Amino acid sequence: MSDTIAVEARHAVKAFGQGDVAVRALDDVSVQIRQGEFFTLLGPSGCGKTTLLRLIAGFETPTSGQILLDGKDITADPPNRRPVNTVFQSYALFPHLTVAQNVGFGLQMQGRPKAEVADTAAQMLALVRLDHLAQRKVGQLSGGQQQRVALARALAPKPKVLLLDEPLSALDLQLRKEMQMELKRLQHETGITFVFVTHDQEEALTMSDRIGVMSAGRILQIGSPRDIYTRPANRFVASFIGETNFLPGLYRQGLVTLNAGGVVKVGQTCPDGTKVTLAVRLEQVRLVAEDAPDALPATIRDLVYFGTDTHCHLALADGTEVVARLQSAVSGDAGLVSGSRVGLTFTEGAAQMLED
């Protein structure tokens, strides 16, 4: 991945409808995506991520703003004049064609020589590890195999940017996990810029070099998976990426006095007297003895077993719920039961302060 900007949106606005009934699907979005990067647009349904993808592809025109590719303004260019390709949620393969014919279809439409089409199709099928199925009809393939064919077809013309609109959502859990790794491998081997759209936080964290978290037509935070997970910009990002405990309190001189009682030291600063919320990830909560120094007293309400992990649901003095994620092998031997009194502490630096 280089520092060269492959794709850029500048103050992109997309409104549907007019006047008082107009809906802004994108509201002044600016983002730079680097060459050779796996960039993910992450957010709930209706947040604008697919609309932004369609602006890059040329399927929609922005109401205002610009879309640039390699520094060139392509806002007015039709899709067929943009060196980008799209893989959709529905793979849109041709059932009457073989796998190899599907992969070579786009090249054939460009008038490429038959030998080049056949050779490129073979290369792409080898890349996605389906060369042994070249002469099969796509109807004879599994969902995962069909997705690989769609990827091979999109990669065949060697686009500068590959756009992927929730391509894994139709797959079962195990296959989806396998394809996450496969997509990352393909992106690394081809060096093509991938722009991936999903509402699935695990997909985003697993595959991305950087993530743009979207809500209500805006990008709220851009950063590496680790940065966004450990240092969310606001409550929405903290709640959408991973599972989080939220503890309200009052900031003063590097300490937050919780509404539930107890004091937590924080590394961030804001004006004294500011009402804040502490965000603490479940795996950063530690159970200790009720009378341990600096521990917050709590009562165990429930224990939920997830196999490798157990979620321990607790209540602080004012009823605020806190959930701790414990390794099942540890919690199973700890004698924890509903109704027990315990103490809570947080891993040093784990509590992130969010202004209300």
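Trainee: Is Cys312 buried or exposed in this predicted model?
Mentor: The cut-off for buried is under 20% relative accessible area. Cys312 has 0% relative accessibility, so Cys312 counts as buried.

Trainee: What is the relative accessible area of Cys47, and which class does it give?
Mentor: Residues under 20% are classed as buried. Cys47 falls under that cut-off because its relative accessible area is 2%, which makes Cys47 buried.

Trainee: How many disulfides does the structure hold?
Mentor: A disulfide needs two cysteine sulfur atoms within 2.5 Å. For this structure the number of disulfides is zero.

Trainee: Where is Leu326, and is Leu326 buried or exposed?
Mentor: Leu326 sits in strand β18, which covers residues 321-327. Its relative accessible area is 15%, so Leu326 is buried.

Trainee: How far apart in space are Leu326 and Pro225?
Mentor: In sequence, 101 residues separate Leu326 from Pro225. From C-alpha to C-alpha, the distance between Leu326 and Pro225 is 22 Å.

Trainee: Which element gives the largest share of the largest nonpolar core?
Mentor: This core has 37 residues, and those with the most contacts inside it include Val103, Leu125 and Leu151. Two or more residues come from each of α2, α3, α4, β7, α5 and β8. The largest share is six residues, and the element that gives it is α4.

Trainee: Which residues is Val103 in contact with, leaving aside its neighbours within four places in sequence?
Mentor: Val103 is among the core residues with the most contacts inside the core. Beyond those neighbours, the contacts of Val103 are Ala121, Met124, Leu125, Val149, Ala152, Arg153 and Ala156.

Trainee: Which element supplies the largest share of the lining of the largest pocket?
Mentor: The largest pocket holds about 660 Å³ of space. Its lining has 25 residues, with Val84, Asn85, Thr86, Gly106 and Pro157 nearest the centre. At least two lining residues come from each of β6 (84-87), α2 (99-109) and α4 (143-155). The largest share, four residues, is from β6.

Trainee: How many residues of that lining in the largest pocket are charged?
Mentor: The lining of the largest pocket divides by class into 16 nonpolar and five polar residues, plus a charged group. The number of charged residues is four.

Trainee: Which elements give two or more residues to the lining of the second largest pocket?
Mentor: About 410 Å³ of space lies in the second largest pocket. Its lining has 17 residues, and the closest to the centre are Val264, Lys265, Phe346, Glu348 and Gly349. The elements that give two or more are β13 (263-265) and β19 (341-346).

Trainee: Which residues line the largest cavity?
Mentor: The count of cavities of 30 Å³ or more is one, and the largest cavity holds about 30 Å³. By class its lining has five nonpolar, two polar and one charged residues. The lining consists of Leu247, Pro248, Leu258, Asn259, Ala260, Leu316, Asp318 and Thr320.

Trainee: What percentage of the residues of the protein chain count as buried?
Mentor: The protein chain has nine helices and 20 strands, and its C-alpha atoms fill a box of roughly 80 × 50 × 40 Å along the principal axes. Of its 356 residues, the buried part is 49%.

Definitions and conventions:
Residues are numbered from 1 along each chain as its sequence is written. This is a predicted model: local features need pLDDT of at least 70, side-chain atom pairs count only at pLDDT 80 or more; totals for chains, interfaces and linings use all residues. Side-chain values use heavy atoms; hydrogens and water are left out. On a 1 Å grid over the protein atoms alone, a cavity is a set of points where a 1.4 Å probe fits but cannot get out, and a pocket is an open set with protein on both sides within 12 Å along at least five of seven lines; lining residues have an atom within 4 Å of a point. Grid points are joined across faces, edges and corners, and a volume is the space filled by probe spheres set on the points. Ala, Val, Leu, Ile, Met, Phe, Trp, Tyr, Cys and Pro count as nonpolar, Asp, Glu, Lys and Arg as charged, and the others, Gly among them, as polar. A nonpolar core is a set of buried Ala, Val, Leu, Ile, Met, Phe, Trp, Tyr and Cys residues joined through side-chain atoms within 4.5 Å. Buried means under 20% relative accessible area, exposed over 50%, partly exposed in between (1.4 Å probe, protein chains only). Contact means heavy atoms within 4.5 Å.
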